[in-house]
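Please view the sequence and the structure together before reading the notes.

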Amino acid sequence: MAHLVLFTGGARSGKSWRAEQYASQQAEQVYYLATAQAGDSEMQQRIGLHQAQRPSHWQTIEAPLAASQALNQLPRGSVVLLDCLTLLVSNLLLANEAQPEPVIQTEIAAILAAQQTRNLHLIVVTNEVGMGIVPAYALGRVYRDLIGRANQQIAAAANEVYLVIAGLPIEIRQLQPAWAK
């Protein structure tokens, strides 16, 4: 049965770690859908740390621009951890600066469709960027708006939504008032 879970929070909140714990409890075999690109040595180190922390038997699939295509290639019913939506949206924005919104909307819709048609247990990690300061530059504001909308779309479709603060996951879908459900 298709199932969608979202882990969100600030930078270094522990959301990836908690999503990995969650995924480990769902299945032995997990597909790790990575969206990061190692553009410099510091990012290479970050990627290396993430790789070292997760189980070595998980299969990593690099998908910095086309997560939906990768999802459509997986066996039906797979458990998949997409880490992270924030970087996927950033990658798509930078690859399509003139008109990013249609490309990003299409990709989010395609991810949600693949999750359903492939009957995936999809766990998505994303940053909550709307709680910080308003970016001082236009591209930053565009990015904040795009990831905010993408997060809302995923959260609306999700069966479970966890906000991770200081390493503590809080299931926030359960906390919604009745009028918002």
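The notes below treat a sheet and a pair of helices. The model is predicted. Seven strands form an open sheet, and helix α4 lies across two of them, β4 and β5. Helix α4 also packs with helix α6.

**The sheet**

- Strands of a sheet pair through backbone hydrogen bonds, in either a parallel or an antiparallel manner.
- The strand order here is β3-β2-β4-β5-β1-β6-β7, and the pairing is mixed.
- Strands β3 (59–62) and β7 (168–171) are the edges, as each pairs on one side only.
- On average, neighbouring strands of this sheet are turned by 20° against each other, direction ignored.

**Strands β4 and β5**

- Strand β4 (residues 79–83) and strand β5 (residues 121–127) run parallel and are joined by five bridges.
- The bridge partner of V80 in β5 is L122.
- Helix α4 runs at about 70° to β5.

**Helices α4 and α6**

- Two packed helices are described by the angle between their axes and the distance between the axes.
- For α4 (residues 85–95) and α6 (residues 138–157), the angle is about 130° and the axes are 10 Å apart.
- The two helices, α4 and α6, are therefore oblique to each other.
- The crossing in which α4 passes α6 is right-handed.
- On the α4 side, the contact consists of L85, T86, V89, S90, L93 and L94.
- These meet L139, V142, Y143, L146, I147, A150, N151 and I154 in α6.
- Of the residues in the contact of α4 with α6, 11 are nonpolar, three are polar and none is charged.

Conventions
Residues are numbered from 1 along each chain as its sequence is written. This is a predicted model: local features need pLDDT of at least 70, side-chain atom pairs count only at pLDDT 80 or more; totals for chains, interfaces and linings use all residues. Side-chain values use heavy atoms; hydrogens and water are left out. Axes are lines fitted to C-alpha atoms, for helices over the stretch in contact, and angles run from 0 to 180 degrees between N-to-C directions. Helices (H or I, at least four residues) and strands (E, at least two) are DSSP runs, numbered from the N terminus. Angles under 35 degrees count as roughly parallel, over 145 as roughly antiparallel, 65 to 115 as roughly perpendicular and the rest as oblique. A crossing is left-handed if the near helix is turned anticlockwise from the far one by less than a right angle, and right-handed if clockwise. Contact means heavy atoms within 4.5 Å. Ala, Val, Leu, Ile, Met, Phe, Trp, Tyr, Cys and Pro count as nonpolar, Asp, Glu, Lys and Arg as charged, and the others, Gly among them, as polar. Two strands pair if DSSP finds at least two bridges between them.
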